Amino acid sequence: MASEDVKRSERAVSTIVNLAEEAKLAREGVVKAPSLAVLSVCKSLVAGGVAGGVSRTAVAPLERMKILLQVQNPHNIKYSGTVQGLKYIWRTEGFRGLFIGNGTNCARIVPNSAVKFFSYEQASKGILWMYREKTGKEDAQLTPLLRLGAGACAGIIAMSATYPMDMVRGRITVQTEASPYQYRGMFHALSTVLREEGPRALYKGWLPSVIGVVPYVGLNFAVYESLKDWLIKSRPFGLVQDTDLSVTTRLACGAAAGTVGQTVAYPLDVIRRRMQMVGWSHAASVVAGEGRSKAPLEYTGMIDAFRKTVRHEGFGALYKGLVPNSVKVVPSIALAFVSYEMVKDILGVEIRISD
C-alpha cells in the first residue's frame, strides 16, 4: 500500500514537472505548443488540485474535530471542545486518528478545488464579457458583486460535481475504533451507501450545501480579489512592491476571505453534516449515542433539521465546531489561494485569478 502511494506521488510530481517544462519550451519557441487552450485548462486544473490537497492536509486534524463536534449525539456528549477533543482522539486512537478521513477528503477536495478554481476563471471571463457588453465600457473591470457571482457559480458547480464523495467522507471521518461498522475506504463507503440506502442517499444534505456554498465560496473569491485590488491600488504601509503582493500579504488576504465566508455560511454546514448522517443504520456511537442515551435524531428535510436542532439544543448548536473550523479555515483558504497562484507561476501561466 505504501509503495503504491509513493508511485502515485511520483507520477503526480512527474506530471507537474512535464507540464512546466512543456510550457517553458513553448514560450521560448523551442517547440510548438500542441494546443494552448488544452494546455491552459490542464495547468489550471493541476494548480487547483494541488492547492486543495496542500491546504486540506495541513489542517486535517481540525477538520475531523469540527465534524465530530457538529454531529455528535446531544444526549451523549463525548467531545466538549476543540482541545479536549483533540487530546481525546490522540489518547484513544493515536496519531493516525487525527487524520482519519483525510485520504477520502483529499480524493474529494483535489477534483473539487480543481473544478472550483477553473470554474471561477471561466465564470469571471463570461460575467466580465456580459458586463462590458451591457455597459458599453470595453475597459470595465469586475466589481466585488460580480466576483461574488462568479465565485458562487464556481462553488455550486464544484460542490455538485463532487458531493457524493463529500457525503461519504463525512461518515468516514466520524468513525472511531468502537464504531459498530467500519467503512474501509471511499469506494467501499460509496458502494455500501448505494446498496443499502439507494442513490438518493449520496445527495443527502445537498440543498443546504448549495445554499451555503453560494455565500461561502462567493465571499472567499470576492473578498480575496477585492482586498488584493485595493492593496495594489492604494499601496498602504508599503505592502506592495512592483505592482505585486508578497506571499505573506496574499496569505493575509486569503485568511480574511476565509474568515468572512465561513462565519456567514457555517450554520448551513452544520445542518448539511447532520442530514448526511440520517439513514446510517450502523452509525458510529458519536452520532447515535450509547446505552440508554441512544437517541439519534431523524430529519425530513433542511427546514426540519434547522427546527429540531434549535429546539433540542438551542441556537448555539448551529455553531458547534466553529472554533476548530475557524482555526482550520483561516490557514486553509490562505494556503489554497497562494498555492494556486504559486503553482500556476511554476507552470508558466502568466494570468492568475485576479488578472
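## A chat about a predicted model

Biologist: Let's start with Cys153: what does Cys153 count as, going by relative accessibility?

Modeller: In this predicted model, Cys153 counts as partly exposed, because its relative accessibility is 37%.

Biologist: And Cys106, buried or exposed?

Modeller: Cys106 has a relative accessibility of 17%, so it counts as buried. The cut-off for buried is under 20%.

Biologist: While we're on cysteines, how many disulfides does the structure hold?

Modeller: Zero disulfides turn up in the structure. For background, a disulfide is a covalent bond that joins the sulfur atoms of two cysteines.

Biologist: Let's step back. How many helices and strands does the protein have?

Modeller: There are 12 helices and two strands. Reading from the N terminus, the order is α-α-α-α-α-α-α-α-β-β-α-α-α-α.

Biologist: What share of the residues counts as buried?

Modeller: Of the protein's 355 residues, 50% are buried. The accessible surface comes to about 17100 Å², and carbon and sulfur atoms account for 64% of that surface.

Biologist: How about contacts, what percentage join residues at least 24 apart?

Modeller: That would be 76%, taken among contacts between residues at least 6 apart in sequence.

Biologist: Now the inside. How many residues are in the largest nonpolar core?

Modeller: The largest nonpolar core has 41 residues. Phe117, Val168, Val193, Tyr216, Phe221 and Phe337 are the ones with the most contacts inside this core.

Biologist: Which helices supply at least two residues of this core?

Modeller: Quite a list: α2 (36-58), α5 (102-135), α6 (144-173), α7 (186-197), α8 (206-234), α9 (247-277) and α12 (322-346) each supply at least two. The largest share comes from α6, with nine residues.

Biologist: And the second, separate core, which residues does it include?

Modeller: That second core has 10 residues, among them Met65, Ile67, Val71 and Leu98.

Biologist: Where is Arg64 found?

Modeller: Arg64 sits in helix α3, which covers residues 60-71. With a relative accessible area of 1%, Arg64 is buried.

Biologist: Which residues does Arg64 touch?

Modeller: Leaving out residues up to four places away in sequence, Arg64 touches Ile89, Glu93, Gly97, Leu98, Ile100, Thr173, Val174, Gln175 and Thr176. Leu98 in that list is also one of the residues of the second core.

Biologist: Let's talk charges. How many salt bridges does a search of the whole structure find?

Modeller: The search finds 15. In general, side chains of opposite charge can pair when their charged atoms come close.

Biologist: What does Asp166 form a salt bridge with?

Modeller: One partner is Arg272, with the closest N and O atoms 2.4 Å apart. Asp166 belongs to helix α6 and Arg272 to helix α9, so this pair ties together parts that are 106 residues apart in sequence. Both Asp166 and Arg272 are buried.

Biologist: What about Arg273, how far apart are the closest N and O atoms in its salt bridge with Asp166?

Modeller: Those atoms are 3.3 Å apart. Here too the link runs between distant parts of the chain, with Arg273 in helix α9 and Asp166 in helix α6, 107 residues apart. Arg273 counts as buried because its relative accessibility is 0%, and Asp166 is buried at 0% as well.

Biologist: Which salt bridge does Lys308 form?

Modeller: Lys308 pairs with Asp304, the closest N and O atoms being 3.4 Å apart. Both lie in helix α11 (residues 302-313), four residues apart, or about one turn of the helix. Asp304 is buried, with a relative accessible area of 12%.

Biologist: And which residues do salt bridges that share partners join into one network?

Modeller: Glu63, Lys66, Asp166, Asp269, Arg272 and Arg273 are joined into one network.

Biologist: New topic: where is Ser113, and is it buried or exposed?

Modeller: Ser113 is in helix α5, and it is buried, with a relative accessible area of 3%. Beyond its neighbours within four places in sequence, Ser113 is in contact with Gly48, Ala51 and Gly52. Ser113 and Gly53 are 60 residues apart in sequence, while their C-alpha atoms are 8.3 Å apart in space.

Biologist: Last one: which residues form a nonpolar patch on the surface?

Modeller: Tyr203, Trp206, Leu207 and Ile211 form that patch, and together they have about 360 Å² of accessible area. Leu207 has its place in helix α8 and is partly exposed, with a relative accessible area of 44%.

Methods. Residues are numbered from 1 along each chain as its sequence is written. This is a predicted model: local features need pLDDT of at least 70, side-chain atom pairs count only at pLDDT 80 or more; totals for chains, interfaces and linings use all residues. Side-chain values use heavy atoms; hydrogens and water are left out. A nonpolar core is a set of buried Ala, Val, Leu, Ile, Met, Phe, Trp, Tyr and Cys residues joined through side-chain atoms within 4.5 Å. Buried means under 20% relative accessible area, exposed over 50%, partly exposed in between (1.4 Å probe, protein chains only). Contact means heavy atoms within 4.5 Å. Patches are made of residues with over 30% relative accessible area and no salt bridge: like charges are joined within 9 Å, nonpolar side chains (Val, Leu, Ile, Met, Phe, Trp, Tyr) within 5 Å. Accessible areas come from the Shrake-Rupley method with a 1.4 Å probe; for residues, only the protein chains shown count as cover. A salt bridge is a side-chain nitrogen of Lys or Arg within 4 Å of a carboxyl oxygen of Asp or Glu. A disulfide is a pair of cysteine sulfur atoms within 2.5 Å.
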